[in-house]
Amino acid sequence: MGLFDKIKQAFTGNKPEEKVPEAQQETTQKYDAGLKKSRQTFGEKINALFANFRTVDEAFFDDLEEMLIESDVGYETALQISDALREEVKLKNVKRTDEVSQVIVQKLVDIYGEAGEKEDNTLHYAQEGPTVFLFVGVNGAGKTTTVGKLAHRLQSQGKKVLLAAADTFRAGAIEQLQEWGKRDQVPVIASAAGSDPASVVYDAVEATIAQQADVLLVDTAGRLQNKVNLMKELEKIKRVIQKELPNAPQEVLLVLDATTGQNALSQAKQFNETTQVSGIVLTKLDGTAKGGIVLAIRNELHIPVKLVGLGEQMDDLQDFKPDEFVYGLFKGLIAPSKAASTEDLDPVHTTEANEQTTPADTHDAEK
Amino acid sequence: MAFESLSERLQNAIGKLRKKGKVSEADVREMMREVRLALLEADVNFTVVKDFVKKVRDRAVGAEVLDSLSPAQQVIKIVNDELTKTMGDAAVPLNKAPHIPTIIMMVGLQGAGKTTTAGKLANYLMKTQKARPLMIAADVYRPAAVEQLKTIGQQLDVPVFDMGTDHDPVDIVKQGMVQADLQKNDYVIIDTAGRLQIDDKLMTELANIENEVHPTEILLTVDAMTGQAATEVAEGFNKRLNITGVVLTKLDGDTRGGAALSIREVTGKPIKFTGQGEKLDQLDVFYPDRMANRILGMGDMLSLIEKAQTDYDEKQAQEMADKIKENSFDFNDFLDQMDQIQNMGPIDEIMKMIPGMANNPAMKNMNIQPKDLDHIKAIVYSMTPKERENPDLLNASRKRRLAGGSGRPVQEVNRVIKQFDTSKKMMQQMSKGNMNGMEQMFGNGVQGRLGKMAMHSMARKQKKRKKKRLKNAKRFKS
């Protein structure tokens with residue numbers, strides 16, 4: 001069953017045998033709230049686009065392209081979608097825009113689903129011995145905050161966590177991590193500002209082994225991906241980790257600011273070259289109206305998004321659930337039936353949402 | 001450097017046009033489609049793109065282009081004009097209050113670079129105006145934000161006012177202003193916490209600070225890598241606050257920097273500064289016209305010429321000319337050239353300022369490291385004075401010695417000698433006024449009259465320097 005169908009069912013509630021566990025519902029709600037802005041803009045835009053055009057012509061596709069690019073789905077992805085749609089429209093000889101609307105959303109979801117087919121969105125831990133997560137990214141993406149939030153989460157799961165303050169460059173970075181350490185009650189391995197970050201990491205790895213900690217989170221200094229020397233420093237940090245723990249780091253997580261535009265692709269590419277990025281942390285997703293960047297990342301980079309930051313609170317760091325994300329993004333755009341597609345969509349999806357979250361439904365599902 | 005890919009695309013699109021003698025309306029439309037996609041790909045806000053493309057198309061399709069003798073140039077000129085216009089017509093200086101202190105408030109999203117820019121701004125004001133700034137740490141939310149500003153203050157020797165994190169930012173700013181009055185600081189820079197423009201509570205806090213102290217400048221700090229969201233952010237902040245200007249940070253990345261284009265157009269607020277690196281002196285004034293030239297791949301000629309003028313000693317360059325005429329470009333000159341280049345700044349940045357270099361495919365593979373120049377210098381320093389003057393002396397055994405002396409492999413020594421030979425050849429050609437060699441070296445990079453002018457002026461200055469050095473050397477010997 002394709003992802004689109006799955007999601008459509010989620011909206012329409014046609015298939016009660018699909019069960020929705022309670023815990024999952026909670027995260028769904030979180031996504032729902034966090035992506036409210038993304039969805040509104042995305043939905044409004046598509047609807048506005050259709051309102052503007054009565055017939056499907058070249059100008060329509062131009063506008064569609066623009067709309068997709070504007071949602072930060074990425075230039076390549078936008079062209080791919082509009083080209084695919086041109087074909088589709090030609091084949092089916094569609095003339096009216098409301099008929100296209102479903103096709104667009106379906107295409108988007110399909111591309112998203114296809115590109116993410118073999119994607120593994122979970123964090124990997126070492127089979128035995130300590131696990132090391134290395135956090136990399138450009139300046140101001142939110143690395144330290146992410147490390148702090150993740151430490152809090154792992155700590156509350158009963159894991160023994162250590163933090164390594166390898167950002168020895170930026171003023172106040174070490175203090176920032178130490179502050180997080182205090183809040184989370186997690187020890188922070190640090191040395192003086194301006195010292196060699198690799199040596200800090202070495203000390204941290206030693207300490208991890210000596211104290212038999214479960215997880216070591218390494219916070220590094222922000223660096224722009226085109227600064228070769230700084231990228232080499234990252235390579236060195238990774239080498240230092242691997243020397244002590246050959247299987248580590250289990251995850252190299254690239255922290256990306258969700259408001260970043262096309263440069264995100266360049267970041268992912270170049271950080272991937274030096275440190276073999278295994279996953280992406282998408283931060284500040286609650287502030288952007290452009291959830292589209294997730295589509296671009298999937299379609300063009302094939303690096304799984306593993307964590308998303310949906311707010312400023314300690315527990316606002318969530319595992320990335322690809323299906324829920326797309327649900328949040330397109331909610332209100334996938335019409336349950338043909339008749340509804342031309343109606344005002346807002347009331348429709350609110351009732352659906354209610355249906356979905358009523359406990360009665362879940363009980364039915366579990367039977 | 002910013003805008004590389006945008007200039008690449010625009011140049012490709014215009015290149016298609018250039019080959020044609022006459023331009024039809026359809027040609028212009030085709031080109032504008034490319035321009036449009038290029039701008040969109042560069043994260044320029046789509047409404048800005050729409051307006052821009054329409055303006056250019058209207059002008060380009062008009063009679064002034066189709067009937068002119070060089071339609072391609074005309075179109076480029078129009079695109080350039082409109083680009084400049086979109087980004088604002090001239091550099092806008094910092095506002096100054098009639099009475100001290102001038103109050104500057106930094107606002108923006110989390111991680112945009114407010115605190116760093118606050119430090120850079122303090123440094124800039126001290127350097128250019130001998131100012132005595134005071135920085136107020138009003139970010140009480142992010143852990144260690146106060147420490148960050150304090151550390152920066154220490155580095156710059158600028159006082160920082162803070163009350164820890166337990167007070168209301170409005171109170172902190174109020175108290176800070178009292179201190180500024182007592183100490184007669186002429187500039188006060190307020191560093192606020194990063195916040196989303198949709199966060200009502202925090203935006204109200206900013207508005208309260210504004211009402212309390214009425215800052216002369218409220219600078220919105222925007223990450224140059226921001227995508228389509230840039231205009232929404234700018235609009236959101238502008239709605240609640242009286243934004244007076246924009247600082248574009250992290251422009252030293254490889255971002256295409258469409259945000260620069262969008263913000264001015266959508267908000268009408270000028271971009272005043274750009275952040276170009278992590279060091280505290282890497283803050284530049286924003287010049288819209290130069291930026292437009294750079295986008296179009298015409299190079300930032302003015303910046304380059306200015307840089308060259310301040311850094312090159314004219315007399316020494318004249319001396320060089322004499323020596324080149326005698327066909328005696330030696331390793332001493334080579335070394336000197338190297339020093340000159342290093343004095344101007346990071347080599348890759350300088351190269352990109354040369355017209356056409358920004359999108360020269362050779363440039364991508366070149367990948368010049370700051371250390372490379374040091375390595376070359378180390379090799380030359382390992383030579384005896386005789387070897388430097390007469391490079392033909394260098395045989396295999398001497399090369400091995402050089403390698404040992406400089407700690408570089410022999411292959412690299414060979415490479416340096418080869419580079420020296422190329423350089424020698426180039427200098428000879430340049431002194432004869434023959435630019436063909438240069439053009440070959442840069443591919444088809446150096447184009448247009450401006451480009452040639454720059455190369456000539458560089459060659460001239462190089463010559464002058466040499467003369468001076470030789471003169472000094474003579475004086476030393478006698």
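Start by selecting A:Leu253 and the residues it touches: A:Phe133, A:Phe135, A:Gly279, A:Val281 and A:Lys306, leaving aside residues up to four places away in sequence. Contact here puts two C-beta atoms, placed from the backbone, within 7 Å. This is a predicted model, where local features need pLDDT of at least 70, side-chain atom pairs count only at pLDDT 80 or more, and totals for chains, interfaces and linings use all residues. Residues are numbered from 1 along each chain as its sequence is written, while chains are lettered from A and ligands numbered from 1 in the order in which they are written.

A:Leu253 belongs to strand 5 (residues 251–257) of chain A; strands (E, at least two residues) and helices (H or I, at least four) are DSSP runs numbered from the N terminus. Is A:Leu253 buried or exposed? It counts as buried because it has 26 C-beta neighbours inside 10 Å (buried means 20 or more other C-beta atoms within 10 Å, exposed 12 or fewer, partly exposed in between).

Now move to chain B and select helix 8 (residues 169–183), whose 15 residues reach 21 Å from first C-alpha to last. Colour its buried residues: B:Pro169, B:Ile172, B:Val173, B:Gly176, B:Met177 and B:Ala180. They sit on the same side of helix 8 of chain B because they cover an arc of only 135° around the axis, taken from the directions from the axis to the C-beta atoms.

Next, show what covers them, including strand 2 (133–138) and helix 9 (200–213) of chain B. Turn to the face away from the buried side for exposed B:Asp171, B:Val178 and B:Leu182.

Key
The expected span of a helix is 1.5 Å times one less than its number of residues.
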